[in-house]
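The stops below each begin with a selection.

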Amino acid sequence: MSDPYIQELFAERIGGNQYGKSTAIYKFEKIKRAKKAASEAQPDLALIDMGVGEPDEMAFPLVVETLQHEAAKPANRGYADNGGDEFKKAAAQYMSDVFAIHDIDWESEVIHSIGSKTVLSMLPACFINPGDYVLMTVPGYPVLGTHAKYIGGEVYNMKLEAANNFLPDLDAVPSDVVAKAKIMVLNYPNNPTGASATLEFFAQAVAFAKANNIILVQDAAYASLIFEGKPVSIFQVPGAKDVAIELHSLSKSYNMTGWRIGFVVGNPLIVKAYGDMKDNSDSGQFLAIQMAGATALANPQITEEIAEKYSRRMDLLVAALNHAGFQANKPQGSFFLYVAAPKSATVAGKTTEFDSGEAFSQWLITHELISTVPWDDCGNFVRFSVTFAAKGETAEKEMATEIARRLAKYDFIF
Ligand SMILES: Cc1ncc(COP(=O)(O)O)c(C=O)c1O
């Protein structure tokens, strides 16, 4: 039971006195409900969940063992605040080992994060005054824009479209927006499109940022999860550190989503401002987790092994979807396969039409218990995540065969 006046106290940014009263159901809740209903309706058909953006396996034993060991040390018991030298040094070394960025000063250019999401939520408070713009990409991970709007900022959405390889067209941003923009957020390899940025594009982005006095935030949550070539960092562009920070996370690259550990690296003044905001928001990640994170970072072959698994699964999923008539192209990294949703599906003379990715995604869960995430911001797409539960290569192949079997009965029109 809530006191009646509490309803009158909510800030406008979360709905004011209408907070909690909306009956709108949001995308992820719709997916959750559809999965539950479909599983109840067809209890004999196993749910194939390709919606979740979380690794299907645990952190590697070496990392878990470090946590066990470090958690028992009295020296690690207290508030870490912005400290944890071992993790900072490991992060700088990781930038050198994995991305060939050799000039990171671990003391002034690195601070750990309790996951990249928290960094994205804090950065607007460092830079955004009411009326200032942030440049975001759509579809995308909206956290920084949401927080910018909370404090009176404005969001300009740059479209990610297949015609431009899911890279934003920087020249298309209106000049009055550019004039008021302070932060541009990029995320490559990208969630949800799976697209990778070329170094050429990063160089353009750095030049654009410099020319227009904008800070670049490259969300590198999937940067080392790549299937070919070498991982790309924005700092491979000469001079990028003048204007950019990169957000690295161990969540996806080391199967450590629940551990909440990552780091911010780059321009020392931006890193310092993040550190000040962080100091006023959290008291740092448990040092034992930081030590385990340092072990992970010192073993980048873990990520390579994880990426190999996703690459193998991508090949299988791409083949299964293309066999059913989809136009699926294997991305160069991440674990996301982004494909155009069909306009209709026909089986036994009965046609179902889809006016959105969401309509198709709901239908696919309901009829075939295959869960995806729809994206309708720029065209009608669904995102398959190859994080489905399958232990070992035989199980992965069986999963792909089962996906192909479930889709084979339909005639899809695109
Ligand atoms: C693009 C992107 N950025 C950031 C995050 C959050 O990562 P973390 O677990 O480090 O907070 C995610 C997680 O899904 C993501 O997809």
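Select residues 116-127 to begin. This is helix α4, with twelve residues and a reach of 17 Å from its first C-alpha to its last, close to the 16 Å expected at 1.5 Å a residue. Keep in mind throughout that the model is predicted.

Next, select residues 85-99 and 287-297 together. These are helices α3 and α10, packed at an angle of about 20° with their axes 8 Å apart. The angle is under 35 degrees, so α3 counts as roughly parallel to α10. The crossing of α3 past α10 is left-handed. To see the contact, show Glu86, Phe87, Ala90, Ala91 and Tyr94 on α3, and Gln290, Met291, Gly293, Ala294 and Leu297 on α10. By class, this contact has seven nonpolar, two polar and one charged residues.

How many of the eleven residues of α10 are buried? Ten are, so the helix is mostly covered. The buried set consists of Leu287, Ala288, Ile289, Gln290, Ala292, Gly293, Ala294, Thr295, Ala296 and Leu297.

Now select residues 27-41 and 357-368. Helices α1 and α12 pack here at an angle of about 25°, and their axes are 8 Å apart. That angle makes α1 roughly parallel to α12. The crossing of α1 past α12 is right-handed. On α1 the contact involves Lys27, Lys30, Ile31, Ala34, Lys35 and Ala38, and on α12 Glu358, Gln362, Ile365 and Thr366. These residues divide into four nonpolar, two polar and four charged.

The remaining stops are in loops. Select Val138 and Pro139: the peptide bond between them is cis, with omega near -5°. Pro139 sits in the loop between β3 (133-138) and α5 (143-150). Move to Tyr188 and Pro189, where the peptide bond is also cis, with omega near -10°. Pro189 belongs to the loop between β5 (181-186) and α7 (199-211).

Select Asn165, in the loop between β4 (154-159) and α6 (175-180). Asn165 is not a glycine, yet has a positive phi of about 55°. Is Asn165 buried or exposed? Asn165 is exposed, with a relative accessible area of 54%.

Finish at Ser334, in the loop between α11 (301-323) and β9 (336-340). Phi of Ser334 is positive, near 75°. Ser334 counts as buried, at 0% relative accessibility.

Conventions. Residues are numbered from 1 along each chain as its sequence is written. This is a predicted model: local features need pLDDT of at least 70, side-chain atom pairs count only at pLDDT 80 or more; totals for chains, interfaces and linings use all residues. Side-chain values use heavy atoms; hydrogens and water are left out. Axes are lines fitted to C-alpha atoms, for helices over the stretch in contact, and angles run from 0 to 180 degrees between N-to-C directions. Helices (H or I, at least four residues) and strands (E, at least two) are DSSP runs, numbered from the N terminus. Angles under 35 degrees count as roughly parallel, over 145 as roughly antiparallel, 65 to 115 as roughly perpendicular and the rest as oblique. A crossing is left-handed if the near helix is turned anticlockwise from the far one by less than a right angle, and right-handed if clockwise. Contact means heavy atoms within 4.5 Å. Ala, Val, Leu, Ile, Met, Phe, Trp, Tyr, Cys and Pro count as nonpolar, Asp, Glu, Lys and Arg as charged, and the others, Gly among them, as polar. The expected span of a helix is 1.5 Å times one less than its number of residues. Buried means under 20% relative accessible area, exposed over 50%, partly exposed in between (1.4 Å probe, protein chains only).
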